[in-house]
2 protein chains.
Amino acid sequence: MTERIRGILSPVVTPFRENGGVHLEKFVRQCRWLQSHGVGLAFLGTNSEANSLSPEERMEMIEALLDAGVNPAAMMPGTGACDLPTAVRLSRRAAQAGCAGVLTLPPFYYKGVSDEGLFRYFSELIENVGEAALRVYLYHIPPVAQVGIGLDLIERLLDRYPENIAGIKDSSGDWNNTLALLERFKDRGFSVFPGSEVFLLQGLRHGAAGCISATANVNPAAINRVFEEWETAQADDLQKGLDQIRGIFQRQPMIPALKTAIAHWSGDEEWSRVRPPLVELDTRQTTQLIEELEAAGFSMPGLR
Amino acid sequence: MTERIRGILSPVVTPFRENGGVHLEKFVRQCRWLQSHGVGLAFLGTNSEANSLSPEERMEMIEALLDAGVNPAAMMPGTGACDLPTAVRLSRRAAQAGCAGVLTLPPFYYKGVSDEGLFRYFSELIENVGEAALRVYLYHIPPVAQVGIGLDLIERLLDRYPENIAGIKDSSGDWNNTLALLERFKDRGFSVFPGSEVFLLQGLRHGAAGCISATANVNPAAINRVFEEWETAQADDLQKGLDQIRGIFQRQPMIPALKTAIAHWSGDEEWSRVRPPLVELDTRQTTQLIEELEAAGFSMPGLR
């Protein structure tokens, strides 16, 4: 069995060209910057606007990183889709390329679906991919997907696919759910990544594998430092620093705010573009965000 | 300007092969059966499990009907997708082929999105399709998509694209919303299709264009009769008959129930297959459904 990925992963935001297409070169460059600050690449996630990208565009982004020589052991692309053929195709490519894992949403169109239906979805995904190297990280994000992934479903999947079901990103925002996951599956080789760094230190103290967080796009080094130094005396102070920066971003719509910060500190206004149904920050929001970040001493070194 | 489609449309359920693929020949056959009972083809909708199909599979279903010589003037394929490139590609093909219209969901992954973001989504869809013949029917189904399409957004879209924005399928299940649509846009050439035949007679009396309903898959002739005879003395009695049959289906999970009925009356068990996350009816549910339908004198003539 390969070693499981640990640490901080960034759900890399996606740069768009003026014509609306994905700017692959800029995307690769951003991934390298993130890696230079110690974080891995959970690209094609919610913050990446992955569901606003066509299956072809998603595949091209996986290929672009591989072509650029980025180590697949640092990669956990989001390969979930409401339709199984697309999820299978993307997940198979990632597994064959040696990616650390894939992050898979449940099918999120129908609401109120049964655990039996979700079990069949993930079973068909794993069996149709047909790669022993596949490592599935379940993506639990009920505030957005509405369809969640409960503990009984996870246990059933782990019983059936102990090698393939590797962990979860818990973006419930509910620490009690994260704690329940950590406790119930602690002897099952199941990696729990809280979906926000506000639960990072708490999580690590209870056995979390790291975290996958929106703000790892903009504050990677500081978040990674908590992961590296969580057993030291200054860990609580470091965590407080993370919470302050997170708080500033959370006062704005998160995805446009991340892109606005990257645009500002890179000097590349094109970074602020988002795809519909998202909308860029307006001037007032932009000013507030940048002023609050600067007042907190925030910057993005090496981005320009 | 081409004449707008009116009448009853069926969101055609999708037949699957044993290997899980779409059974195109069976799909075309079912569409012909539906047309022989007077209803049009709103295929690739919610009841069609369209979001459980890959973009390629959806395109193949459009092409299969065109290749079979089905009149595109009877077709309103669902071409919505969270990602614009897919929605544009499917919608463009439908418009170029002369389809009566396309039924388009809003992007449904992100929740709590702004009207500005949804306006941009539909604007980019219409402008990127770039076909004067495109007729967009907005698909309002908040119980499933969660993201709805409000009246102010519709007005803004109609002001900007009076030719392309052709109407709405209102699957809110809220008669007051349907009535508000009918009243506010009655002079704008905007066709309102309630998403259930329980509102058919009421809707026609207030200017609705027909309806697009799950149960038009199984009870097409009777539903179409209400459309044809709504101004006659027996209209209320006919509507009561529709409501009784609808009620029987609504006591089960709708999509598997539709397929189970088709399997039963066609004698083709393969029809009962659904894709995850949906699950077939169990034996008890199947027995209850068929017994209740038979007791009500229901049948599906000409299907076998």
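Visitor: Buried means under 20% relative accessible area, exposed over 50%, and partly exposed in between. Which of these is R17(A)?
Guide: This is a predicted model. In it, R17(A) has a relative accessible area of 31%, so the residue is partly exposed.

Visitor: What does the side chain of R17(A) meet in a salt bridge?
Guide: E25(A), with 2.7 Å from N to O. E25(A) is partly exposed as well, with a relative accessible area of 45%.

Visitor: How many salt bridges are there over all chains?
Guide: A search of the whole structure gives 40. In general, side chains of opposite charge can pair when their charged atoms come close.

Visitor: What about R225(A), which side chain does it meet?
Guide: That of E229(A), in a salt bridge of 3.0 Å, N to O. R225(A) counts as partly exposed, at 40% relative accessibility.

Visitor: Switching to chain B. What does R246(B) pair with?
Guide: The side chain of R246(B) forms a salt bridge with that of E197(B), 3.2 Å from N to O. R246(B) lies in helix α10 (residues 235-250) of chain B, and E197(B) is in the loop between β6 (191-194) and α8 (200-205), so the pair ties together parts that are 49 residues apart in sequence.

Visitor: Is R246(B) buried or exposed?
Guide: Buried, because its relative accessible area is 8%, below the 20% limit. E197(B) is buried too, with a relative accessible area of 0%.

Visitor: Which residues do salt bridges with shared partners join into one network?
Guide: K26(A), D268(A), E270(A) and R273(A).

Visitor: On to the two chains. What rotation superposes chain A on chain B?
Guide: A rotation of 180°, with 0.0 Å of shift along its axis and an RMSD of 0.0 Å. The copies are therefore related as by a two-fold rotation axis. Both use the same surface: 98% of the contact residues of chain A recur in chain B.

Visitor: Now rings. How many aromatic pairs over all chains?
Guide: The count is 19. One of the pairs is Y109(B) with Y110(B), which is edge-to-face, at 5.2 Å centre to centre and 65° between the planes.

Visitor: And Y109(B), buried or exposed?
Guide: Y109(B) is buried, at 2% relative accessibility. Y110(B) is also buried, with a relative accessible area of 8%.

Visitor: What about F249(B) and F298(B), how far apart are their centres?
Guide: Their ring centres are 6.0 Å apart and the planes are at 75°, so this pair is edge-to-face. F249(B) belongs to helix α10 of chain B and F298(B) to the segment after α12 (283-295), so the pair ties together parts 49 residues apart in sequence. F249(B) is buried at 0% relative accessibility, and F298(B) is buried with a relative accessible area of 7%.

Visitor: Which residues do ring pairs link into a cluster?
Guide: F108(A), Y109(A) and Y110(A), together with F108(B), Y109(B) and Y110(B).

Visitor: Last one. Where does the charged end of R156(A) sit?
Guide: Over the ring of F119(A), 3.8 Å from its centre. In chain B, the charged end of R156(B) sits over the ring of F119(B), 3.8 Å from its centre.

Conventions: Residues numbered from 1 in each chain as written. Chains lettered and ligands numbered in written order. Predicted model: local features only at pLDDT ≥ 70, side-chain atom pairs only at ≥ 80, totals over all residues. Heavy atoms only, no water. Salt bridge = Lys/Arg side-chain N within 4 Å of Asp/Glu carboxyl O. Buried < 20%, exposed > 50% of the residue type's maximum accessible area, 1.4 Å probe, protein only. Helix = DSSP H or I, 4+ residues; strand = E, 2+ residues; numbered from the N terminus. Least-squares fit on C-alpha atoms with pLDDT ≥ 70 in both. Contact = heavy atoms within 4.5 Å. Phe/Tyr/Trp six-rings, centres within 6.5 Å; stacked < 30°, edge-to-face > 60°. Lys NZ or Arg CZ within 6 Å of the ring centre and 35° of its normal.
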